[in-house]
Amino acid sequence: MKSHEFIKIARKVLEGDAKVRERAADEVTDHLGAYTPAQASALATLLAATAAAEEVEDSAMEAELHAIIELTATGHVRLDDLSPLREINLDDLPPQIREYVSDLLEE
């Protein structure tokens, strides 16, 4: 993916509005084959950080976690890239979301 396209999607992932972040996470999954290994790794880290920073479990967090799962399938994401997910208190999450986070941290 060209640098300007990567920066554009990264900015959306970091947007203050949860709906924009949710759409950005969905957009990340639309371009899985276009990322360089470094871009896939960086996006996974940004998505993990935004998921960890979500104040309330909502559709944005679920979309971010789903995008991370899809990025891990590229083979370019390391467990260390997902370290921000360790900040999430699993006890505060619904079972499905808790399972997403647990699965990602066990990879």
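In counting charges, Lys and Arg are taken as positive and Asp and Glu as negative, with His and the chain ends left out; each charge is placed at NZ of Lys, CZ of Arg, CG of Asp or CD of Glu. On this basis, the mean positions of the 10 positive and 23 negative charges of the protein chain lie 8 Å apart. The model is predicted, so local features need pLDDT of at least 70 and side-chain atom pairs count only at pLDDT 80 or more, while totals for chains, interfaces and linings use all residues. Residues are numbered from 1 along each chain as its sequence is written, and side-chain values use heavy atoms, without hydrogens and water.

The protein chain holds five helices and zero strands (DSSP runs numbered from the N terminus, with H or I of at least four residues for helices and E of at least two for strands). Of its 107 residues, 38% count as buried, meaning under 20% relative accessible area, with exposed over 50% and partly exposed in between (1.4 Å probe, protein chains only).

A closer look at one residue follows. Glu 54 sits in the loop between helix H3 (37-53) and helix H4 (59-72). Glu 54 counts as buried because its relative accessibility is 11%. Leaving aside residues up to four places away in sequence, Glu 54 touches Arg 21, Ala 60, Met 61 and Glu 64, where contact means heavy atoms within 4.5 Å.
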